[in-house]
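Open the model in your viewer and keep the selection tool at hand. This tour goes from stop to stop, saying what to select and what is there.

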Amino acid sequence: APNFDLDGNATGIVGTLKDITELKHSEIELKKSLEKLQMAMNSTIDAMSMITESRDPYTAGHQKRVADLAIAIAEEMDLSEERINIIHMASLIHDIGKIQIPAEILVKPGKLSEIEFSMIKSHPEIGYNILKTVEFTPPIAEIVLQHHERLDGSGYPKGITGNEILLESRIIAVADVVEAMASHRPYRPSLGINNALEEITRSRGICYDPDVVNACLRIFKEKGFEFKQD
């Protein structure tokens with residue numbers, strides 16, 4: 001029952017309504033703060049992506065196209081909106097570690113030497129070391145670290161296997177190889193999307209997650225997915 005003051009006002013009800021109003025206001029302010037934080041994080045991600053691609057004109061747009069495909073795969077797999085958003089952010093900066101690789105190696109038209117290839121293979125760890133110092137959503141640095149790992153342990157930098165590899169990294173791995181094979185590179189012309197899809201089909205369950213590969217094949221063959229050209 002409500003309490004009444006000396007003038008007969010129901011102070012309990014008034015107090016409860018005031019508390020509800022203040023709580024609602026706090027929720028609105030918290031939502032605004034989270035939205036601003038997300039916008040700031042997205043802006044930081046975009047800036048990092050642009051810096052990476054500015055050093056390598058041959059792969060300009062690569063991270064964006066990988067992100068588009070990774071999102072489409074994640075949606076096809078019915079992942080949550082939160083996980084899809086994390087995959088989007090991680091995809092856009094998955095090659096951030098290449099900013100420490102000499103530009104002449106990134107754009108070299110011929111075959112890389114063993115030392116040069118070792119330098120290229122260091123980019124996931126470099127990216128991880130950069131991103132772990134930034135207050136991103138926790139998995140992003142780890143996702144970037146693992147995007148060249150393979151189910152059978154043949155990947156790098158750690159050679160981890162199976163479910164040791166984050167699902168988000170397994171999705172980006174498939175999107176990454178498909179986009180790379182379908183695009184022109186300094187050392188070769190485009191191999192075409194059909195060859196890219198054949199490659200992930202051959203390595204399904206060996207190097208690449210079979211569920212991820214199946215989702216990728218469906219969105220290309222049944223849903224008409226195409227890479228957007230810059």
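The stops below start with the whole chain and then move to single parts.

**The whole chain**

Begin with everything shown as a cartoon. This is a predicted model. It has 10 helices and zero strands. Follow the chain from the N terminus, and the elements run α-α-α-α-α-α-α-α-α-α. The protein has 230 residues, and 43% of them count as buried. Now think about contacts between residues at least 6 apart in sequence: 62% of these join residues at least 24 apart.

**The largest nonpolar core**

Next, select Leu-69, Ile-73, Val-178 and Ile-200. Among the 46 residues of the largest nonpolar core, these four touch the most other members. Then colour the helices that give two or more residues to this core: α1 (11–54), α2 (62–76), α3 (81–92), α7 (139–146), α8 (167–182), α9 (193–202) and α10 (210–221).

Zoom in on Val-178. Which residues does Val-178 touch, leaving aside those up to four places away in sequence? They are Leu-69, Ile-193, Ala-196, Ile-200, Cys-216, Phe-220 and Phe-227.

Another core lies apart from the largest one. It has five residues, and Ile-101, Leu-106, Ile-120 and Ile-126 are among them.

Is Glu-179 buried or exposed? It is buried, with a relative accessible area of 0%. That puts it below the cut-off for buried, which is under 20%. Show its surroundings: Glu-179 touches His-62, Arg-65, Val-66, Arg-185 and Phe-227, not counting residues up to four places away in sequence.

Now go to Glu-198, in helix α9. Glu-198 is partly exposed, with a relative accessible area of 43%.

**One face of α6**

Select helix α6, residues 123–131. Its buried residues are His-123, Pro-124, Ile-126, Gly-127 and Leu-131. Turn the view to look down the helix axis. The buried residues of α6 fall within an arc of 160°, so they line one face of the helix. Here is the background: an α-helix has 3.6 residues a turn, so residues three or four places apart point the same way.

**The largest pocket**

Switch to a surface view. The largest pocket has a volume of about 800 Å³. It is lined by 31 residues, and those closest to its centre are Ile-120, His-148, Tyr-156, Ala-180 and Tyr-187. Select these five to find the place.

Which helices each supply at least two residues of this lining? They are α4 (103–106), α5 (114–121) and α8. The largest share, four residues, comes from α8. Colour the lining of this pocket by class, and you get 14 nonpolar, seven polar and 10 charged residues.

**The second largest cavity**

Last, look inside. How many cavities of 30 Å³ or more does the structure hold? There are two. Go to the second largest cavity, with a volume of about 50 Å³.

Terms used
Residues are numbered from 1 along each chain as its sequence is written. This is a predicted model: local features need pLDDT of at least 70, side-chain atom pairs count only at pLDDT 80 or more; totals for chains, interfaces and linings use all residues. Side-chain values use heavy atoms; hydrogens and water are left out. On a 1 Å grid over the protein atoms alone, a cavity is a set of points where a 1.4 Å probe fits but cannot get out, and a pocket is an open set with protein on both sides within 12 Å along at least five of seven lines; lining residues have an atom within 4 Å of a point. Grid points are joined across faces, edges and corners, and a volume is the space filled by probe spheres set on the points. A nonpolar core is a set of buried Ala, Val, Leu, Ile, Met, Phe, Trp, Tyr and Cys residues joined through side-chain atoms within 4.5 Å. Buried means under 20% relative accessible area, exposed over 50%, partly exposed in between (1.4 Å probe, protein chains only). Contact means heavy atoms within 4.5 Å. Ala, Val, Leu, Ile, Met, Phe, Trp, Tyr, Cys and Pro count as nonpolar, Asp, Glu, Lys and Arg as charged, and the others, Gly among them, as polar. The arc is that of the directions from the helix axis to the C-beta atoms.
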